[in-house]
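Thanks, everyone. Please keep the model on screen while I talk. We will go helix by helix.

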Amino acid sequence: MSKLKELSSKEKKYLAAILISAFLIKVLLAFTVESDIRSDSLVYHTLAKNIVTLSEYSFEGKPTAIISCGYPLFLSSIYYVFGAEQLYVKLIQSFLEIFT
């Protein structure tokens, strides 16, 4: 954060333009590029859906510790608010990736 304070006004404008452009590109891709849920993504998706629908951390009907609960909990919070739609996950992740 201290490095940001050292930037000139012009450099801050360039940085803001780059970050906003990157975010807009990611949003455009989120709306236009379809991606299948497979492999690890399918496991995370299934765990998150089970947290929301069954109130349990389970995979294929059995409690599991196959994957730590951080990312599935993050996904389940999005699924709880917006439903199990990948578009919302992509948008929220894009925001977090660019602005953190």
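Start where H2 meets H5. Leu-19, Ala-22, Phe-23, Lys-26, Val-27, Ala-30 and Phe-31 of H2 touch Leu-87, Lys-90, Leu-91, Ser-94, Phe-95, Glu-97, Ile-98 and Phe-99 of H5. Contact here means heavy atoms within 4.5 Å. By class, that is 11 nonpolar, one polar and three charged residues. Nonpolar covers Ala, Val, Leu, Ile, Met, Phe, Trp, Tyr, Cys and Pro; charged covers Asp, Glu, Lys and Arg; the others, Gly among them, are polar.

A word on the source. This is a predicted model: local features need pLDDT of at least 70, side-chain atom pairs count only at pLDDT 80 or more, and totals for chains, interfaces and linings use all residues. Residues are numbered from 1 along each chain as its sequence is written, and side-chain values use heavy atoms, with hydrogens and water left out.

Helices are DSSP runs (H or I, at least four residues), strands likewise (E, at least two), numbered from the N terminus. H2 is residues 9-32 and H5 is residues 86-99. At what angle do H2 and H5 pack? About 165 degrees, with the axes 9 Å apart. Axes are lines fitted to C-alpha atoms, for helices over the stretch in contact, and angles run from 0 to 180 degrees between N-to-C directions. So H2 and H5 are roughly antiparallel. The cut-offs: under 35 degrees is roughly parallel, over 145 roughly antiparallel, 65 to 115 roughly perpendicular, and the rest oblique.

Next pair. The axes of H3 (residues 40-54) and H4 come within 8 Å and cross at roughly 55 degrees. That makes H3 oblique to H4. On the H3 side, the contact includes Tyr-44, Leu-47 and Ala-48; on the H4 side, it includes Tyr-71, Leu-75 and Tyr-79. The contact residues divide into 11 nonpolar, two polar and one charged.

H3 has 15 residues and spans 20 Å from first C-alpha to last, close to the expected 21 Å. Expected means 1.5 Å times one less than the number of residues. Which residues of H3 are buried? Val-43, His-45, Leu-47, Ala-48, Asn-50 and Ile-51. Buried means under 20% relative accessible area, exposed over 50%, partly exposed in between (1.4 Å probe, protein chains only). Their cover includes strand S1 (58-59), H4 and H5.

Last, one residue. Ile-78 lies in H4, residues 70-82. Ile-78 is buried, at 4% relative accessible area. Leaving out residues up to four places away in sequence, Ile-78 touches Gly-83, Tyr-88, Val-89 and Ile-92.
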